[in-house]
Amino acid sequence: MIAPSATLSISAKAQAMQRQGIEVISFSAGEPDFDTPSFIKEEAKRAIDAGFTKYTPTPGIAELREAICEKLKRENGLSYSPQEVIVSCGAKHALYNAIMTLCNPGDEVLLPVPFWVTYLEQIRLAGGEAVFVPCEKDTFAPDIDALERAITPKTKLLILNNPSNPTGVVLQEETLAQIARIVEAKDLYVISDEIYEHLVYEVPFPRSIATFPGMKERTVIINGVSKTFSMTGWRIGYAAGPKEIIEGMTRLQDHMTSNPTSIAQKAALSALRSPASVIQEMVTVFNARRKLILAHLADIPDVSFPIPQGAFYVFADFSKYCQGRFEGEPIGNSVRLAELLLEKAHIALVPGSAFGMEGYLRFSYATSEKAIELGMERLKNFLKHVE
Ligand SMILES: Cc1ncc(COP(=O)(O)O)c(C=O)c1O
């Protein structure tokens, strides 16, 4: 059975409490809390008024695919032609098309743990088998020896997410180079989810694994406008990769959704052609919130976490508290701890088990500084009652 998205279900529960008049502080959001920039909204309005409201080519309008190629050249140093690019209904859809195209039933897919919840379910939807690869405890980088050991004749591909949801970790170039060497030597594919690439703090812009020798022909890059331009509701994501894989993905999309929304494509086009300052403002705000939440977390006894340098998440080890008791009852695991935090402290968090790692909690700081202050106070007060 396909599991429901744990992140979406926690948000739904928190919203239901809010509708009952309970003021819940949410650290569970997977989206920026900023409005979509107004010049993007204006472009969409112009598209509607101009009657740009009909089917487009399945893989997206030519101008948008060209703008994506320009972006990949400008920011990632990678040359693609529009035939090597497909626009889909969000990065999630691009990812689904890629997994369905690359993974046959029985194929093994390497999945570093912790992983974003959707990867596992999409592998299952494709009939593939997820093979979990542990990460180094202190850095959350994939354990390179374990990665190599996990490869069998059935291994088809590796899913990499850099910067990572849920850990916020940005992989070092040396780690990427080691992974690339293994993938190349073992003749595997990589799906590289780079959706958070612009949300990095005090580290250089992350390098795509597709830029390493021999990797472009075996990598499908997944990206989109959802996080970078605060456009989660517009549902525009894209993939870039070898032509025959993109063609396979396009055939699938042809019979599933056809093109992504024409109007949203025009909006995404203006986003991708906008000046870098549009993103920079949001990154500055996120960085201030990151520092604030990290300072609070560092204040809590028996909690540890690697410093996140990307995305808008902190993945912290709360196993000491999971092993504790609340009002005389054992807590037991991260799901119960997250439930208690929602019910008793009115703060919403996602339990680590949703990402394949027990004992952890994921904090999203895509919320105001005021909410972070208040939420962290509630967390600390609650934890004082855990014995
Ligand atoms: C790692 C990762 N990839 C992809 C997505 C999905 O992006 P989109 O909203 O464009 O489908 C998310 C959203 O949470 C994500 O965290």
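Two residues are taken to be in contact if their C-beta atoms, placed from the backbone, lie within 7 Å. The model is predicted, so that local features require pLDDT of at least 70 and side-chain atom pairs count only at pLDDT 80 or more, whereas totals for chains, interfaces and linings use all residues. Residue numbers start from 1 along each chain as its sequence is written.

Ala180 lies in helix α7 (residues 173-185), helices being DSSP runs of H or I with at least four residues, numbered from the N terminus. Because 21 C-beta neighbours fall inside 10 Å, Ala180 counts as buried (20 or more other C-beta atoms within 10 Å of its own). Beyond neighbours within four places in sequence, Ala180 is in contact with Ile209, Phe212 and Met215, and the C-alpha atoms of Ala180 and Ala210, 30 residues apart in sequence, are 8.5 Å apart in space.

Helix α2 (residues 38-49) packs with helix α9 (residues 262-272) at an angle of about 140 degrees, the axes being 8 Å apart; axes are lines fitted to C-alpha atoms over the stretch in contact, and angles run from 0 to 180 degrees between N-to-C directions. In α2, Phe39, Ile40, Glu43, Ala44, Ala47 and Ile48 meet Ser262, Ile263, Ala264, Lys266, Ala267, Ser270 and Ala271 of α9.

The ligand is surrounded by 13 residues, of which the closest are Gly90, Ala91, Lys92, Asn165 and Ser226, a residue being near when its C-beta atom, placed from the backbone, lies within 6 Å.

Technical notes. Helix = DSSP H or I, 4+ residues; strand = E, 2+ residues; numbered from the N terminus. Buried ≥ 20, exposed ≤ 12 C-beta atoms within 10 Å, placed from the backbone.
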